[in-house]
Amino acid sequence: MMILILLLGISLLFITIGCIINVSNAPYLLHHYQKLKEEEKKQFDLQAYTRSFRKYHLFLGITLLFITMALVYLFGLNAVLLLFVLYPALAYSSSIWSNTKYLKIFNKRWDRILIISMLPILAVFILGLQENKLNLHPDKIKVEGYHGEEIAPSEIRSVELVHQLPEIRYKKNGFGMKRVRKGYFKTGDSETVKLILNTDKKPYLLFTKKNGERIYFSANEKSSAELYRELKEKMPGLQYK
């Protein structure tokens, strides 16, 4: 329920901005217009820009509402939070670039700043969605990809198949969506566990280290049951449950 209220509030904000701006109040409400010099204002087609500004914010508010509701249903809250960062930033960046026709000497530095600020977020999103591979070597288990690691057999207390994850309260560090979660997460018992889940299909592989750390793993390409059998064949010395 809270996420729907949040979506509605942000979408209504953009829609409200699109409704209240007009030629009469634009000179007082548009911050970047107020900062222009008189000579620059003469080059600015305020009426055309205001019309474009209104349509753009109405479109942004309506599409943001429908897209975010779809993402909540398909991928969960984390995908929506990512959209809240990327979608308005991309939209405003696009708006700034396209509206340079209204002001010949318009400064594009904010366009570049928006694009640069989005790159780290976009990089995490791309890396997080890439498949982690579980590779078995004689002297180690290597999980490749985002938040992957190498585990020596001597570090492992047990390996087992589990059909349930612990209650996850929030993400501490990493990437999280409805079906894909990678990184460190806090449980309902205030324990920190590591999830490297490329899918939410059960069961999951659970590696428990001798230091108490737990790592849950799942792959798209192979089922956890198949990976479990491969582990038993190639590393019979481990403790299996």
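In this account, helices are DSSP runs of H or I with at least four residues, numbered from the N terminus. The structure described here is a predicted model.

Helix 1 covers residues 2–20, and Cys19 is found in it. Leaving aside residues up to four places away in sequence, Cys19 touches Arg54 and Leu58. Cys19 and His57 stand 38 residues apart in sequence, yet their C-alpha atoms are 8.4 Å apart in space.

The discussion now turns to the interior. In soluble globular proteins, nonpolar side chains tend to be buried together. The largest nonpolar core of this model has 19 residues, of which Leu134, Ile141, Val159, Leu205, Phe207, Phe217 and Leu231 touch the most other members. At least two residues of this core come from each of strand 1, strand 2, strand 4, strand 8, strand 9 and helix 8. Helix 8 gives the most, with 3 residues. Val159 illustrates how such a residue is surrounded: among its contacts beyond four places in sequence are Leu205, Phe207, Tyr228 and Leu231.

Strand 8 deserves a separate look. Of its 6 residues, 6 are buried. Both faces of the strand are covered, with Tyr204, Leu206 and Thr208 on one side and Leu205, Phe207 and Lys209 on the other. Strand 8 pairs with strand 4 in the antiparallel sense over 6 bridges, and within strand 8 Thr208 is the bridge partner of Ser158. Strand 8 also pairs with strand 9, again in the antiparallel sense, over 4 bridges. Here Leu205 stands opposite Phe217 of strand 9. The hairpin of strand 8 and strand 9 has 4 residues between the strands, and Gly212 takes a positive phi near 95° in this hairpin.

Several loops show backbone details of their own. Pro203 is placed in the loop between strand 7 and strand 8, and a cis peptide bond with omega of about 0° joins Lys202 to Pro203. In the loop between strand 2 and strand 3 lies His147, a residue other than glycine whose phi is positive, near 60°. Ser190, in the loop between strand 6 and strand 7, is likewise not a glycine and has a positive phi, near 65°. His147 has a relative accessible area of 18% and is therefore buried, whereas Ser190, at 47%, is partly exposed.

Definitions and conventions
Residues numbered from 1 in each chain as written. Predicted model: local features only at pLDDT ≥ 70, side-chain atom pairs only at ≥ 80, totals over all residues. Heavy atoms only, no water. Contact = heavy atoms within 4.5 Å. Core = buried A, V, L, I, M, F, W, Y, C linked by side-chain atoms within 4.5 Å. Buried < 20%, exposed > 50% of the residue type's maximum accessible area, 1.4 Å probe, protein only. Pairing = 2+ DSSP bridges.
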